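Let's take a look at this one together. Have the sequence and the 3D view open as you read.

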Amino acid sequence: MVAHRAAQAGLKVSILCDGPQVQREDLVDRFRSSDPQTMMSPYPPVPHAPQPQVARTDDYLIQKGPHAYDQQYIRAVGGTTWHWAAAAWRYLPNDMKLKSRYGVGRDWPLDYWDIEPWYQAAEEEMGVAGPEDAPFDAPRSAPYPMPAAPLSYMDQVFHEKLTALGYDHVSAPQARNNQQVYDGRPPCCGNANCMPICPIGAQYSGNIAVEKAQAAGAELITNAVVHHLEVGDDGEIIAARYLTPSREEFRIEADRFVLAANGIEGPKILLMSTQENAPEGVANSSDMVGRNLMDHPGTSSSFDSEVPLWPGRGPNVISAITSLRDGDFRSEHAARKLMILNMNPVEGIAKAAIDEGLTGTELREAVRHRTARRQVITAFHEQLPDPSNRIRPSTEGKTDRLGLPRPEIHYDVGDYVARAAEDTRKRVERIAETLGATASSVEHNEGYLPNNHITGATIMGDDPRDSVVDADCRAHDHPNLWISSSSTFPSVSSVNVTLTIAALALRMGEHIVNEARP
Amino acid sequence: MIETHLSRRLFLGGASAAALMPGAALAQSDGRKTLAFAATCRELAGFDTIPNALVAGAARAFPDEDRTALAEKTASPDLSKSLLKTLYTGMYSPEDGDPTRFAYAEALMYAAVEDSLNVPSYCGGVPGYWAEKPVSA
């Protein structure tokens with residue numbers, strides 16, 4: 001999005017991507033023919049730019065802490081928005097004032113209303129459908145570009161029960177075309193496959209911005225693994241060095257640089273770039289690069305409703321419980337967003353029924369009966385920034401195929417989240433009871449699930465002594481380096497981070513253009 | 001008792017035993033065993049008809065002695081479960097090897113729920129269809 005804005009303004013723009021350009025139809029074919037179908041099965045292996053896999057993130061990420069930071073991401077043009085669920089939430093004003101409102105975490109160096117116009121611009125760019133005046137949705141200056149997606153039958157039944165329990169349950173804002181063509185892309189027709197690949201492009205994905213940037217004149221260089229930023233004597237970045245798959249090195253100079261390499265690879269590039277003018281790595285005079293790593297530690301609970309509700313019709317997630325996004329409780333434990341999962345659960349159910357020894361009509365009937373009733377509620381919990389949670393280049397010399405150090409991660413999830421997760425599970429049990437589930441059908445995941453919301457490791461702040469970038473996402477140490485990533489966020493909140501990344505990117509693009517062409 | 005829906009999937013799957021044979025050459029050389037294997041598939045899975053892609057794929061996936069045991073109904077419970085998982089998922093998953101997919105949309109797990117759920121990645125209906133009450137809810 002930054003590149004698109006800069007190219008539109010007539011700046012000469014080069015986009016370096018560590019992976020290949022991929023085509024949607026090829027990804028769909030790969031998904032359908034994959035053996036186990038996972039979040040990563042549509043995406044081709046990129047030997048020179050390893051992607052953490054779902055089953056074996058430890059093939060690439062090195063885990064050193066008490067909890068595994070099992071994030072996975074796509075290294076291809078468009079990145080991990082190829083397999084998101086298009087959840088496009090704004091932060092609440094209080095999400096940016098945790099320290100001053102609740103005495104925990106950190107405040108953002110900017111106010112919600114500083115970026116509100118950019119949230120709107122991001123929603124219009126991505127095509128977001130959302131509800132008007134929904135409880136615990138952020139205040140807004142203009143309507144959503146598209147009306148809220150209709151709730152599925154399952155969501156409607158949940159809505160009735162959750163409302164009776166006193167929860168605010170809303171149609172979630174989603175960057176997916178709702179019953180209309182938007183930006184030349186078709187309306188969603190319920191392929192029920194947002195994750196791992198929307199087959200028709202009704203759902204926004206980052207490749208769209210790259211294609212628009214190219215159309216505006218930007219140059220795209222693929223399979224270019226940036227591994228070093230050169231710092232000049234005046235503190236400015238003067239060049240980026242990158243490796244090709246055959247390990248040939250190139251160097252590209254520019255007046256301005258934007259690092260948008262995700263929340264693990266981005267800080268890793270900065271930390272690999274040690275040199276005379278940046279002995280601890282680029283942008284790291286504060287020693288905060290790589291630290292304050294956050295995610296949404298997740299819970300997932302399943303149960304069998306009394307009546308058939310048929311999850312799996314329409315988009316993968318349509319609705320959410322928002323009541324727990326904010327409140328005075330945040331001084332004690334984490335904010336949360338709970339989601340009613342709308343994914344077809346039949347595969348796991350069929351395998352379990354077969355393992356039980358069912359056969360014939362009894363098997364077929366059990367698969368139908370259970371699939372219609374299997375409900376899943378997931379939750380994102382807000383984690384606080386902690387400098388000891390960090391990513392750094394392998395300290396043991398472990399490298400990838402290009403010889404670059406693999407990411408080594410130390411990660412822990414503290415009591416602030418644990419207290420909230422315990423409460424979340426009790427609440428889900430009560431919700432299950434209301435839907436007629438027996439207590440014995442309720443199952444909770446163990447520990448925390450990763451949600452790939454990689455946040456915090458190039459943290460934003462006013463004080464260069466304890467932050468990496470300023471309120472404009474510009475590196476304190478280097479006036480011509482910006483970072484576009486959720487890695488700049490001082491708080492992770494309880495909502496998906498993509499829309500805020502996009503809003504800050506559009507804002508950054510405007511700043512860069514204004515500075516370059518005053 | 002489950003309702004019977006004569007769906008497009010099952011209709012296309014073929015109503016005759018001949019349509020279930022994995023290949024002409026195999027049918028000619030070992031026709032009776034093939035028919036018996038297909039019958040075992042139908043009986044174990046609880047479907048009157050099964051798409052040819054599934055039966056043929058399963059026949060190719062299992063070693064000859066396993067296919068014979070299944071056809072002659074002398075298979076162990078574990079082998080029968082393995083066949084059922086193969087038919088229900090469209091993927092052969094041997095205990096000591098990597099899984100191999102030979103069918104996706106035809107998998108019986110999707111056929112079992114197809115009156116209410118579309119196969120993921122295929123369009124489910126007109127935009128917003130999901131707000132309607134499913135036929136079997």
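## A helix in chain A

How far apart are the end C-alpha atoms of helix H5 (residues 153-164) of chain A, and what should its 12 residues span? Keep in mind that this is a predicted model. At 1.5 Å a residue, H5(A) should span 16 Å, and its end C-alpha atoms sit 17 Å apart, so the two values agree. Just after H5(A) comes A:Gly166, with a positive phi of about 95°.

Which residues of H5(A) are buried? They are A:Tyr153, A:Met154, A:Asp155, A:Val157, A:Phe158 and A:Leu162. The cover over these buried residues includes strands S5 (169-171), S11 (298-304), S12 (317-321), S13 (336-341) and S14 (374-381) of chain A, along with helix H10 (415-434) of chain A.

## Where the chains meet

Now for the interface. Here 42 residues of chain B are in contact with 47 residues of chain A. Between them the two chains bury about 4100 Å², 62% of it on carbon and sulfur atoms.

A:Asp355 and B:Lys85 meet through their side chains in a salt bridge, at 2.6 Å from N to O.

## Chain B's side

Elements of chain B giving two or more residues to the side that touches chain A are helix H2 (24-45), helix H5 (77-89), strand S2 (100-101) and helix H6 (108-111). H5(B) supplies the largest share, five residues. By type, the residues on this side of chain B split into 25 nonpolar, 10 polar and seven charged.

Conventions:
Residues are numbered from 1 along each chain as its sequence is written. Chains are lettered from A and ligands numbered from 1 in the order in which they are written. This is a predicted model: local features need pLDDT of at least 70, side-chain atom pairs count only at pLDDT 80 or more; totals for chains, interfaces and linings use all residues. Side-chain values use heavy atoms; hydrogens and water are left out. Contact means heavy atoms within 4.5 Å. Buried area is the accessible area (1.4 Å probe) that two parts lose on being put together, summed over both. A salt bridge is a side-chain nitrogen of Lys or Arg within 4 Å of a carboxyl oxygen of Asp or Glu. Helices (H or I, at least four residues) and strands (E, at least two) are DSSP runs, numbered from the N terminus. Ala, Val, Leu, Ile, Met, Phe, Trp, Tyr, Cys and Pro count as nonpolar, Asp, Glu, Lys and Arg as charged, and the others, Gly among them, as polar. The expected span of a helix is 1.5 Å times one less than its number of residues. Buried means under 20% relative accessible area, exposed over 50%, partly exposed in between (1.4 Å probe, protein chains only).
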